[in-house]
Amino acid sequence: MSDYAAAIAAKPRRPRSPLLLLLSFRTLIALFAVLVFFGLTTPNFLDVGTLVLLAKHVSINAILAIGMTFVVLTGGIDLSVGSIVGLAGMIAGGLINYGIPLGPWQVTLFPDVPTVILVTLAAGTLVGTINGFLVTALNVAPFIATLGTLYAARGAALLLSNGETFANLVGRPAFHNTGFPLLGAGMVGGVPVSVLLLVASGLVAAYAAGRTIFGRRVYAVGGNERAALLSGVPVHRVKLAVYMISGACAALAGLIVASELVAAHPASGESFELNAIAATVLGGTSLAGGRGTIWGTIIGAFVIGILGDGLVMLGVSSFWQMVIKGVVIIAAVVLDQLQQRIQRRLAVQAQEAG
């Protein structure tokens, strides 16, 4: 027997708990449960067309929640993402319909769609940078900092159009800025573009969180910020980066919303931050930071989305929908606490046995 095998054999095994195993997969179990329930109670719910439509609806919330997960993993919160969704739509709508007036030359520049997307993503990232600056450089509590930018971004969205809607965002061939609706309504091989964007975002985010130095630092900051700082982790830069990611994800979600509707309204995205937080928590990410996964968040977003759409298809009133969603979120937090308690107890038992 090799030294390594001998060490493994000599190492005391941690006691296993069937309940802990069940709790570890609770989000997947919840997803399976809602699919089975609505599949049995709602005609045509499990048809391919219906599932594709559900995935399209969920993709916006899931992309938002991916950015939120990075912030929550560091122990923070981002309340401004819903307002960034509205602001992003207004920026894109304004660029497509009215362009950029260049006063001194009395001409208006109409950027093409890729440029519109890049400018909008940059604007969302800028709001995220402001959040990160407030939290790190000025030591403002994340809740207060992002609450402030929530109002500021919403106000900026209203100012851009004086509260009016930018409609008919199809562009004009003469200005070479057509094609924007494809982002939210286009299909590639029968799959909505927004779902493909979710898959791409999920893969990149999961790799960044689980396979890179940056990801390890995010978990370290959320697990124990003081210890991470003493270990040489650039805590402020990590926090700044996660808020920038959250802002960029919110801007991408805003682009998809505006593209899908072919219109931009400054009130778009209201309360989206609550859905993003709910998906993050339901996916197993601890609000205390340091624990959670991107894929868990995406599954959590699907649970929330399927639950919402399924209840609508069953004809359940919107009031009861809110009650049911609230109960599900509370149950998720309670089960998370139960899982942590069992893990701590098993760890103590393992130490005593060792």
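Rings of Phe, Tyr and Trp (for Trp, its six-membered ring) count as a pair if their centres lie within 6.5 Å, with planes under 30 degrees apart called stacked, over 60 edge-to-face and the rest tilted.

## Basis of the report

This is a predicted model, in which local features need pLDDT of at least 70 and side-chain atom pairs count only at pLDDT 80 or more, while totals for chains, interfaces and linings use all residues. Residues are numbered from 1 along each chain as its sequence is written, and side-chain values use heavy atoms, with hydrogens and water left out.

Helices (H or I, at least four residues) and strands (E, at least two) are DSSP runs numbered from the N terminus. Buried means under 20% relative accessible area, exposed over 50%, and partly exposed in between (1.4 Å probe, protein chains only). Contact means heavy atoms within 4.5 Å.

## Aromatic pairs

Five aromatic pairs are found in a search of the whole structure. In one of them, the ring centres of Phe-37 and Phe-38 are 5.1 Å apart and the planes stand at 75°, so this pair is edge-to-face. Phe-37 has 46% relative accessibility and therefore counts as partly exposed, whereas Phe-38, at 1%, counts as buried. Phe-37, Phe-38 and Phe-45 are joined into a cluster by ring pairs.

Phe-110 and Phe-175 form a stacked pair, with 4.1 Å from centre to centre and 10° between the planes. This pair links distant parts of the chain, 65 residues apart: Phe-110 is in the loop between strand S2 (107-109) and helix H6 (113-136), and Phe-175 is in the loop between strand S3 (166-167) and helix H8 (182-185). Phe-110 counts as buried at 17% relative accessibility, and Phe-175 as partly exposed at 29%.

Two packed helices are described by the angle between their axes and the distance between the axes. Axes are lines fitted to C-alpha atoms, for helices over the stretch in contact, and angles run from 0 to 180 degrees between N-to-C directions. Angles under 35 degrees count as roughly parallel, over 145 as roughly antiparallel, 65 to 115 as roughly perpendicular and the rest as oblique. A crossing is left-handed if the near helix is turned anticlockwise from the far one by less than a right angle, and right-handed if clockwise.

Helix H5 (residues 81-98) packs against helix H7 (residues 142-161) at about 20°, with the axes 8 Å apart. H5 is therefore roughly parallel to H7, and their crossing is left-handed. On H5 the contact is made by Gly-82, Ser-83, Ile-84, Gly-86, Leu-87, Met-90 and Ile-91, and on H7 by Leu-150, Ala-153, Arg-154, Ala-156, Ala-157, Leu-160 and Ser-161. These residues divide into nine nonpolar, four polar and one charged. For this division, Ala, Val, Leu, Ile, Met, Phe, Trp, Tyr, Cys and Pro count as nonpolar, Asp, Glu, Lys and Arg as charged, and the others, Gly among them, as polar.

The axes of H5 and H6 cross at roughly 150° and come within 9 Å. The two helices H5 and H6 are therefore roughly antiparallel to each other, and H5 passes H6 in a right-handed crossing. H5 contributes Ile-84, Leu-87, Ala-88, Ile-91, Ala-92, Leu-95 and Ile-96 to the contact, and H6 contributes Val-116, Val-119, Thr-120, Ala-123, Gly-124 and Val-127. By class, the contact of H5 with H6 has 11 nonpolar, two polar and no charged residues.

H6 also packs with H7, at an angle of about 145° and with the axes 9 Å apart. The crossing of H6 past H7 is right-handed. Here Val-127, Ile-130, Asn-131, Leu-134 and Val-135 of H6 meet Pro-142, Ala-145, Thr-146 and Thr-149 of H7.

## Phe-143

Phe-143 is in helix H7 and counts as partly exposed at 46% relative accessibility. Leaving aside residues up to four places away in sequence, Phe-143 touches Ile-77 and Leu-79. Phe-143 and Ile-77 are 66 residues apart in sequence, and their C-alpha atoms are 6.1 Å apart in space.

## Positive phi at two asparagines

Most residues other than glycine have a negative phi. Asn-44, although not a glycine, has a positive phi of about 65°. Asn-44 lies in the loop between helix H3 (26-41) and helix H4 (48-73) and is exposed, with a relative accessible area of 52%.

Asn-168, also not a glycine, has a positive phi of about 55°. Asn-168 is in the loop between S3 and H8 and counts as exposed at 53% relative accessibility.
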